[in-house]
Amino acid sequence: IMSGSILVIDDEKLIRWSLKETLQKEGYYVITAENCREASAAFDKDTFDIVLCDLKLPDGDGLSLMKNLSGKSPDTLFIIITAFASVENAVEAMKTGAFDYLQKPFNMDELLIKINRATDSVKLKSELKFMKKSQKGEYNADSVVSKSDKMRDILNLVKKISNSEANTILVIGESGVGKDLIARIIHYNSRRANNPFVNITCTAIPDTLLESELFGFEKGSFTDAKEQKKGLFEIANGGTVFLDEIGDMSVSLQSKLLRFLEEKKFRRIGGTFDINVDIRVIAATNKDISKSVEEGKFRDDLFYRLGVIIVNIPSLRERIEDIPYLALYFVESFNKSFRKNVKGLTPAALNVLKSHVWPGNVRELRNIIERAMLLSQKDWIDVSDIIFTSAMMSMDSHKSSFRVKLPPEGLSLEDVEKELVSQALSVTGGNKSRAAKLLAITRDQIRYKIEKHGLEKEDKLQSATSV
């Protein structure tokens, strides 16, 4: 296994040979050069992870050569080797950008330790670079699956926000619509992309601890504060903090957040000095913030401060035209994950998906496709593979509390029953077994009610679309 590529630059032939032999045995690809001219020529032909460079060369000095070669390959790490060792030379080499410094005569084991350390650093940089590139590709407005005008308008707005200097953004939308995704798109397509993206769900942490998570604390500031801790605002300096479910934040903490947003500085709990940071705050909620403000549960001044720019993400039922594209996207994604070759969904299955109310939005759709992909052995996902788990859970949890409001003029019980049976057939694409399950009755009972209420035509129509 190749460990990496190394260029050895030294005017002593024996040292070049010795280093090449040793490093090749360790699995490195090694090229040698005896002067600056040969080294520059090697760099023009190839790229190197690490350069071992003598400080004194026949046609120049190692530090000048390092500056020149670094310009060609900024990611290459340099280890300076010299017989004219001094503290001044070492400091100058490090200031110029050398990764490490080695004195002649050197111990080969010591050199290998430094080489391995440099190799680890190269790999880490490469992985971080790949990760950031992947994140930027994954979290891109153009890669979001959507055909609806409403969602395309939102994504165009998100592009503008990403390139702007807006420091506070409020994302509103039901659970499962993709508020976290929108926040990440804004971050990874902004000038802050190379800095941290810190995500915290306000409801996931007790209110008493949330303040210390955001602002940090000093050692001894309270009983369990055995050491200093930096808060998320400090850790995310230069980047983005995503505050999910901010509508559930306590009013007392809201005031401290407002002060931070206004002043761009804060104090750790128990601290005596202000800490200045440059961060973008993206807040998100699935609540009606305007209503919360009216009820006194959310500060109006914080709402106005956060709401300079508002991104209101439409629910999935408001963009039904996106469902076929999203469903196919999830099928292709899970094909890779599960090593399957499912071709897609039948027209009947798509009709069932389009008729669903989607309380869980895109997240629910993803879960339904994942379940179908895991359990089905067919080439196409059909109606029988689609089970709305969230809807069934909702039915079970609310069965005892379900109420139909009786209007003053009265209501025909037969009409109510007919409407519910009709809705069940519509939701399930005419699948009697599943419709019966939704209504907590048997298949024979629903057949009777279909005949009783003259719903045979509707049933046949639903069944025809399910083929």
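Mentor: Strand β12 is joined to strand β15 (residues 280-285) by four bridges, and the two run parallel. Strands (E, at least two residues) and helices (H or I, at least four residues) are DSSP runs, numbered from the N terminus, and two strands pair if DSSP finds at least two bridges between them. Please keep in mind that this is a predicted model, in which local features need pLDDT of at least 70 and side-chain atom pairs count only at pLDDT 80 or more, while totals for chains, interfaces and linings use all residues. Residues are numbered from 1 along each chain as its sequence is written, and side-chain values use heavy atoms, with hydrogens and water left out.

Let us turn to the surroundings of the strand. Five of the five residues of β12 (residues 240-244) are buried, so the strand is largely enclosed by the rest of the structure. Here, buried means under 20% relative accessible area, exposed over 50%, and partly exposed in between (1.4 Å probe, protein chains only). Thr240, Phe242 and Asp244 point one way from β12, whereas Val241 and Leu243 point the other way, and all are buried.

For comparison, consider a helix. Helix α1 (residues 13-25) has 13 residues and reaches 19 Å from its first C-alpha to its last, close to the 18 Å expected at 1.5 Å a residue; the expected span is 1.5 Å times one less than the number of residues. Its buried residues are Ile15, Arg16, Leu19, Thr22 and Leu23. Seen down the axis of α1, these buried residues fall within an arc of 140 degrees, so they line one face of the helix; the arc is that of the directions from the helix axis to the C-beta atoms. The face of α1 turned away from the buried side carries the exposed residues Lys13, Leu14, Trp17 and Lys25. Just after α1, Gly27 takes a positive phi of about 95 degrees.

At 10% relative accessibility, His453 counts as buried. Not counting residues up to four places away in sequence, His453 touches Glu414, Glu417 and Lys418, where contact means heavy atoms within 4.5 Å.
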